[in-house]
Amino acid sequence: MNSTRSLSGQSALVTGADSGIGKGVALALAQAGARVVINYAHNKDAAEVTVNEITAAGGEAFAFQADVSHEAEVQAMFAEMFNRYGTIDILVNNAGLQKDSKFVDMTLDQWNTVINVNLTGQFLCSREAAREFVRKGVVEGRSRAAGKIICMSSVHEVIPWAGHVNYAASKGGISMFMKSIAQELAPHKIRVVGIGPGAIQTPINKAAWDTPEALEKLLSLIPYNRIGKPEDIGKLAAWLASDDADYITGTTIFMDGGMTLYPGFADNG
Ligand code: NAD
């Protein structure tokens, strides 16, 4: 367990926490002392593995199935969280997916699925969390903020991505969504922050790292010359949710080994 326990006494909800980055974030928040709701879309067994890892380490968690793009399912999830934990202090909007296609072949279904999960899902969950943060206000001794919202974005909120237009549009949307609610909610002592991961080794981008040739091509885009791990993002999320980051709101922290540094210009372009 983390010796600082910076999130002790706080309750967190992480969407898409049965896999990849969301799992890494859930484990890090629990290690810092938070109770964590492990949201998942389909894979109950994987969600239970995350819960068991947390409880085996002395933490507290439960799994809840909800499609973040469905309003009623999101509201049912928050109702169950409030029933069990009383309130929410930290929301991590992490759930996301890709439906890749050449632009001219992209179907409306591919477009809508990605926008609905990646962007509308963040709207639905953030609205429920913000309503509760506004209602409860700052709780003395728990955190300097009434609540914290972390929006999982991507380097593709700034790097265009051919063949992935729906995904890049969803992440660009998250950037302005995050900044706009940060501006609106700051007077309520609510912080809203984005995380922009570069290439993190998870199932979503397996094809980009699971052969030596693919990994070499990927590393040519990463000046720091290594792929990221879910625990890299987990540590950042735990810090951003803590009072050590109390003066940070309305910005995206990129954690990408330098992927946003235009690596093609490293040798004079
Ligand atoms: P992943 O495929 O391992 O995890 C995605 C998670 O989202 C899963 O837990 C899944 O259950 C959940 N999910 C999907 N649809 C859902 C829905 N409708 N409702 C609820 N949950 C749903 O991928 P990951 O790499 O861990 O991705 C997590 C987030 O990080 C995504 O938002 C992704 O865009 C972002 N991201 C990942 C990388 C990377 O390199 N891996 C880079 C930048 C951003």
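Reader: At what angle do helix H3 and helix H4 pack, and how far apart are their axes?
Author: This is a predicted model. In it, H3 (residues 71-85) and H4 (residues 108-136) pack at an angle of about 35°, and their axes are 9 Å apart.

Reader: Is the crossing left-handed or right-handed?
Author: H3 passes H4 in a right-handed crossing.

Reader: Which residues make the contact?
Author: From H3 they are Glu71, Val74, Gln75, Met77, Phe78 and Phe82. H4 contributes Leu124, Cys125, Arg127, Glu128, Ala129, Arg131 and Glu132.

Reader: How do those divide into nonpolar, polar and charged?
Author: Seven are nonpolar, one is polar and five are charged.

Reader: Moving to the sheet. What is the order of the strands?
Author: The order is S3-S2-S1-S4-S5-S6-S7, an open sheet of seven strands with parallel pairing.

Reader: Which strands stand at the edges?
Author: Strand S3 (61-65) and S7 do. Each has a single partner strand, so one side of each is left without a neighbour in the sheet.

Reader: What does the twist average?
Author: It averages 20° from one strand to the next.

Reader: How many bridges join S1 to S2?
Author: Four, and the two strands run parallel. One of the pairs is serine 11 with its bridge partner in S2, arginine 35.

Reader: And S6 to S7, how many bridges there?
Author: Four bridges join S6 to S7, which also run parallel. Glycine 194 stands opposite threonine 252 in S7.

Reader: Back to S1. Are its faces covered or open?
Author: Both faces of S1 (residues 11-14) are covered. Ser11 and Leu13 are buried on one side, and Ala12 and Val14 are buried on the other. In a regular strand the side chains alternate between the two faces of the sheet.

Reader: Which strands does H3 lie across?
Author: H3 lies across S1, S2, S3 and strand S4 (90-93), running at about 160° to S3. Helix H2 (residues 44-56) lies across S2 and S3, at about 165° to S3.

Reader: New topic, asparagine 166. Where is its place?
Author: Asparagine 166 is in helix H5 (residues 165-185).

Reader: Buried or exposed?
Author: Asparagine 166 is buried, with a relative accessible area of 0%.

Reader: Which residues does asparagine 166 touch?
Author: Leaving out residues up to four places away in sequence, asparagine 166 touches Lys99, Met106, Gln110, Trp111, Val114 and Ile115. A polar atom of its side chain lies 2.8 Å from the backbone oxygen of lysine 99. For the backbone oxygen of glutamine 110, the distance to a polar atom of that side chain is 3.2 Å.

Reader: What is phi at lysine 189?
Author: Phi of lysine 189 is near 65°, a positive value in a residue other than glycine. Most residues other than glycine have a negative phi. Lysine 189 sits in the loop between H5 and strand S6 (190-197), and it is partly exposed at 45% relative accessible area.

Reader: What about phi at tyrosine 262?
Author: Tyrosine 262 has a positive phi of about 50°, although it is not a glycine. It lies in the segment after strand S7 (252-255) and counts as exposed at 64% relative accessibility.

Reader: Last one. How many residues apart in sequence are glutamate 231 and alanine 28?
Author: They are 203 residues apart in sequence, and 7.4 Å apart in space from C-alpha to C-alpha. Glutamate 231 is in helix H7 (residues 230-241) and counts as partly exposed at 45% relative accessibility.

How values were computed:
Residues are numbered from 1 along each chain as its sequence is written. This is a predicted model: local features need pLDDT of at least 70, side-chain atom pairs count only at pLDDT 80 or more; totals for chains, interfaces and linings use all residues. Side-chain values use heavy atoms; hydrogens and water are left out. Buried means under 20% relative accessible area, exposed over 50%, partly exposed in between (1.4 Å probe, protein chains only). A polar contact is a pair of N or O atoms within 3.5 Å; within protein, one must be able to donate a hydrogen and the other to accept it, and residues adjacent in sequence count only if both atoms are side-chain atoms. Contact means heavy atoms within 4.5 Å. Axes are lines fitted to C-alpha atoms, for helices over the stretch in contact, and angles run from 0 to 180 degrees between N-to-C directions. A crossing is left-handed if the near helix is turned anticlockwise from the far one by less than a right angle, and right-handed if clockwise. Ala, Val, Leu, Ile, Met, Phe, Trp, Tyr, Cys and Pro count as nonpolar, Asp, Glu, Lys and Arg as charged, and the others, Gly among them, as polar. Two strands pair if DSSP finds at least two bridges between them.
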